[in-house]
Amino acid sequence: MTTSGPSDRSERGTERQNWVERRREKIRAEVDRNRRGEYTVPTWVLALALVLIVGGWLALIFLA
């Protein structure tokens, strides 16, 4: 039978802290990219816009 000792808890705490720091760094990098004008629209947004445009066009054709 194994139990979690204090060293296990400190390692998990370190892992969580490292994860938080990596996450913060990713967010900072993204904000910096957006400030430089390197913002890109997600693919799902572009796909949704295309579906709405084509759907509206088809609705005009068939309902007019």
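Hi everyone, a word on ground rules before the tour. The model is predicted, so local features need pLDDT of at least 70 and side-chain atom pairs count only at pLDDT 80 or more, while totals for chains, interfaces and linings use all residues. Residues are numbered from 1 along each chain as its sequence is written, and side-chain values use heavy atoms, with hydrogens and water left out.

Let's start with the overall layout. The chain has 2 helices and 0 strands; helices (H or I, at least four residues) and strands (E, at least two) are DSSP runs, numbered from the N terminus. Of its 64 residues, 0% count as buried, where buried means under 20% relative accessible area, exposed over 50%, and partly exposed in between, with a 1.4 Å probe and protein chains only.

Now helix α2. It covers residues 43-63. Its 21 residues reach 30 Å from first C-alpha to last, close to the 30 Å expected at 1.5 Å a residue (1.5 Å times one less than the number of residues). The count of buried residues in α2 is 0.

What does the UniProt entry, which is unreviewed, say about residues 44-63? It annotates them as "transmembrane region", in the numbering used here, with feature names shortened; such annotations may be inferred rather than shown by experiment. In the model, that span is 100% helix, and its end C-alpha atoms lie 28 Å apart.

A nonpolar patch of about 780 Å² is made by Leu-50, Val-54, Trp-57, Leu-58, Ile-61, Phe-62 and Leu-63. Patches use residues with over 30% relative accessible area and no salt bridge, joining nonpolar side chains (Val, Leu, Ile, Met, Phe, Trp, Tyr) within 5 Å and like charges within 9 Å. Leu-50 is exposed, at 53%.

Over to helix α1, residues 6-35. How many salt bridges does a search of the whole structure find? There are 2, each being a side-chain nitrogen of Lys or Arg within 4 Å of a carboxyl oxygen of Asp or Glu. Arg-24 pairs with Glu-21 at 3.4 Å, and Arg-28 with Glu-25 at 3.6 Å. Why can such partners meet? An α-helix has 3.6 residues a turn, so residues three or four places apart point the same way. Arg-24 is partly exposed at 44%, and Glu-25 is partly exposed at 46%.

Technical notes:
Accessible areas come from the Shrake-Rupley method with a 1.4 Å probe; for residues, only the protein chains shown count as cover.
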